[in-house]
Amino acid sequence: ELSGKGDFRLAMRALFLGSIAYLADHNLLVIARFKSNREYERELERRSHAVPEVQSAFVANRQMFDAVWYGTHPASEDMLADFQKNVEAIRDDG
């Protein structure tokens, strides 16, 4: 819905938070208000040895998300498409 309105930045945020929730539902992360995205990445690294594809997809998305959300990198439709592919990889293997 957000991408349809052209708000790729918020669409990435929604997908990223959804990925974290999905990984928590599958016991690969524990959600905590105080954790940074990098801390989630490190936790996933410790817990996802059986599914390395999940780790690499999450790392790629964390880097893209942080560059867009906290940096000055503009979100684009192409970037969102790559982001969505990684979300699919997380859900397929998670």
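Guide: Start with the rule: a salt bridge is a side-chain nitrogen of Lys or Arg within 4 Å of a carboxyl oxygen of Asp or Glu. This is a predicted model, where local features need pLDDT of at least 70, side-chain atom pairs count only at pLDDT 80 or more, and totals for chains, interfaces and linings use all residues. Residues are numbered from 1 along each chain as its sequence is written, and side-chain values use heavy atoms, with hydrogens and water left out.

Visitor: How many salt bridges does the rule give?

Guide: The count is five.

Visitor: Which residues form salt bridges with Glu43?

Guide: Lys35 is one partner, with the closest N and O atoms 2.6 Å apart. Arg47 is another, at 3.6 Å from N to O. Glu43 and Arg47 both sit in helix H2 (residues 37–47), four residues apart, about one turn of the helix. Helices here are DSSP runs of H or I, at least four residues, numbered from the N terminus.

Visitor: Is Glu43 buried or exposed?

Guide: Buried means under 20% relative accessible area, exposed over 50%, partly exposed in between (1.4 Å probe, protein chains only). Glu43 has 4% relative accessibility, so it counts as buried. Lys35 is buried too. Arg47, at 40%, is partly exposed.

Visitor: Where do Asp66 and Arg62 lie?

Guide: Both are in helix H3 (residues 52–69), four residues apart, about one turn of the helix. Salt bridges with shared partners join Arg38, Glu41, Arg62 and Asp66 into one network. Within the Asp66–Arg62 bridge, the closest N and O atoms are 3.0 Å apart. Asp66 is buried at 18%, and Arg62 is buried at 13%.

How values were computed
Helix = DSSP H or I, 4+ residues; strand = E, 2+ residues; numbered from the N terminus.
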